[in-house]
Amino acid sequence: MTDLSYSPRSPGRTAGRPPATAVRREPPVRPEYERAVAATGPIGDVARPLSLWERLGNVAALRRLVILAAIAALWQALAGWQNNPLMFPTFTATMAALWDGIRSDGLPAMAWTSLAVLLKGYAVAVAAAVLLTAVAVTTRVGNDLLSTLTSMFNPLPAIALLPIAMLWFGLGEVSLIFVLVHAVLWPLALNTHAGFTSVSETLRMAGRNYGLSGLRYVLTLLIPAAFPAILTGLKVGWAFAWRTLIAAELVFGVSSGKGGLGWFIFQNRNELYIDKVFAGLVTVILIGLLVENVVFRWIEVHTVRKWGMVR
Amino acid sequence: MNALTFPQGIDTAGASERPLLDVSGVTLQYKTRRHLVTATYRVDFQVFQAERYILLGPSGCGKSSLLKAVGGFLQPVEGAIRLNGRKVTRPGPDRMMVFQEFDQLPPWKTVKQNVMFPLLASGKAGRREAEEKALDCIARVNLTKFADVHPHMLSGGMKQRVAIARAMAMEPDILLMDEPFAALDALTRRKMQEELLALWDDLRFTVLFVTHSIEEALVVGSRILVLSPHPGQVKAELNCAVHDHGSVGGAEFQALANRIHTMLFAEDVEGAVTDGVSDAAAGGTR
């Protein structure tokens, strides 16, 4: 390009030093052309299959398994170095205790006791959250009610309510369900409501254009449109519920007679079976991982990811 | 929906000459945090069967507000909007909207489900019939291959086509289009305009179309309502059925375009001058 200015066609103007008076430089006039589009040739195929390594790297489950394996290895190394099975049993010892617990101590039954209570509380809370947020989006009073209640109760730790719950409902499942509902309801309602308010005006208008109103409007338009936020609320609620339940069982050993996972941990600590305590903790973690990576993952893949609402 | 009953407004010449949509003396206002803004002031116009009626004006002339009012999303403070003689009070599936934004399609439904959704939601058709209609309309906008794809996989033009198919399938009394092609690139826009005209040739629906482009108005419309801004008032009503893409750049087309241009921007020159002086002065010129 630059050598154009030195071309012999315009010798007087641009050669040598720039002229004293600024000359308007015109862009060069170049010939036009048309071409037929050639085959891609040297670039090769338009699409190329990924290599095995690239494909493996794309499997999220595999990547996460690698992380888990690394953590387990680190654990094993640290515990081996500490060499104090009473305080910090190794990974292999914990796995052995877990296996033992599953085979002879009825660990699965205890886990199920906990899970069953958890699911009941969770279901009640989800239903209540849907109801509360539906009222909140359709009426202004409902909106004020929801924001007041969430700001009042969301910061209140569920476990702090347990003594009162036990006073009201006795030492049993009902007290546990009460605190679980409290643990799940507020974060879920908060997230759901935030999701509803972020639904685009155009989409709302499109829905009303169809003649949708009231509960049908909430169910067929708002809930799916707000689903990414609702799903986050469900996950947070699940985690809160799990913590609350284990803590409640640990501290109060509530569901009398047939204890849950928390009770299992508590009892074994009393008897200084530390490897079993670790086995109980691992069970809690495993169930959490399973729910997060299988149940919620499945829901996510079949809804918000499929719809292109999240990456 | 029930076009055969005429509870009121039989005062016009005869049933065939009765306007489909009658907007009379409509003043629209909306509240912002600080102000009460008047979007349109006593706007009158009538739309007849099979017209391609354009609302044209610069931004701030209340054309989109007018369309929303016809859609039933906005209540007039003064005047009335009648469709088939019945007063418009709320949104309904007899007036289908095509919005400018691409997010008007629920992302959790495939193209086919999106087109079926209003048919099912309004109870206009059963599942089987809705599916048939949907596939037919999707074929009309050339998206048959994409019937089972979710909207996030489509380009902007394709999404607008789905929105048009969705509106078509409902066979509404009037189709409301709010700058439907404004967010598209120029080439796609032209293609979409051609397709819309071809569809109209086939089906002869009535459409109320909002745009700020004079060229688009002349090409797409059969009749144009020119609105002046702040607040929107009727400036003129013109015929332009003779113009299409073929006549763009012709002498007659240019003449009409220039006429509209002068109409819209003659006072804007004043506005531009006074804007620099003070707000009060600008208010005085309105």
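Residues are numbered from 1 along each chain as its sequence is written, and chains are lettered from A in the order in which they are written. In this predicted model, local features need pLDDT of at least 70, side-chain atom pairs count only at pLDDT 80 or more, and totals for chains, interfaces and linings use all residues, while side-chain values use heavy atoms, with hydrogens and water left out.

Chain A holds 13 helices and 0 strands. Helices here are DSSP runs of H or I with at least four residues, strands are runs of E with at least two, and both are numbered from the N terminus. Chain B contains 8 helices and 10 strands. Of the 311 residues in chain A, 36% are buried. Buried means under 20% relative accessible area, exposed means over 50%, and partly exposed lies in between (1.4 Å probe, protein chains only). In chain B, 51% of the 286 residues count as buried. Contacts (heavy atoms within 4.5 Å) were also sorted by separation along the sequence. Among contacts with a separation of 6 or more, residues 24 or more positions apart account for 66% in chain A and 67% in chain B.

Two packed helices are described by the angle between their axes and the distance between the axes. Axes are lines fitted to C-alpha atoms, for helices over the stretch in contact, and angles run from 0 to 180 degrees between N-to-C directions. α4(A) and α13(A) pack at about 85°, and their axes are 8 Å apart. α4(A) is therefore roughly perpendicular to α13(A). Angles of 65 to 115 degrees count as roughly perpendicular, under 35 as roughly parallel, over 145 as roughly antiparallel, and the rest as oblique. Residues on the α4(A) side include A:Ala93, A:Met95 and A:Leu98. On the α13(A) side, they include A:Phe278, A:Val282 and A:Leu286. The contact of α4(A) with α13(A) has 8 nonpolar, 2 polar and 4 charged residues. Ala, Val, Leu, Ile, Met, Phe, Trp, Tyr, Cys and Pro count as nonpolar, Asp, Glu, Lys and Arg as charged, and the others, Gly among them, as polar.

Helix α13 (residues 274–305) of chain A also meets helix α5 (residues 107–138) of chain A. Their axes come within 12 Å and cross at roughly 50°. α5(A) and α13(A) are therefore oblique to each other. A:Leu107, A:Ala111, A:Leu115 and A:Tyr122 of α5(A) touch A:Thr283, A:Ile287 and A:Phe296 of α13(A). This contact of α5(A) with α13(A) has 6 nonpolar, 1 polar and no charged residues.

Helix α10 (residues 214–225) of chain A has 12 residues. At 1.5 Å a residue, α10(A) should span 16 Å, and its end C-alpha atoms are 16 Å apart, which agrees. The expected span is 1.5 Å times one less than the number of residues. Buried residues of α10(A) include A:Tyr217, A:Leu221 and A:Ile223.

Most residues other than glycine have a negative phi, and most peptide bonds are trans. A:Asn83 has a positive phi near 55°. A:Asn83 sits in the loop between α3 (60–82) and α4 (91–105) of chain A. Its relative accessibility is 61%, so A:Asn83 counts as exposed. B:Glu171 also has a positive phi, about 45°. B:Glu171 lies in the loop between α4 (156–169) and β7 (174–178) of chain B. B:Glu171 is exposed, at 52% relative accessible area. A cis peptide bond links B:His230 and B:Pro231, with omega about -15°. B:Pro231 belongs to the loop between β9 (223–228) and β10 (233–239) of chain B.
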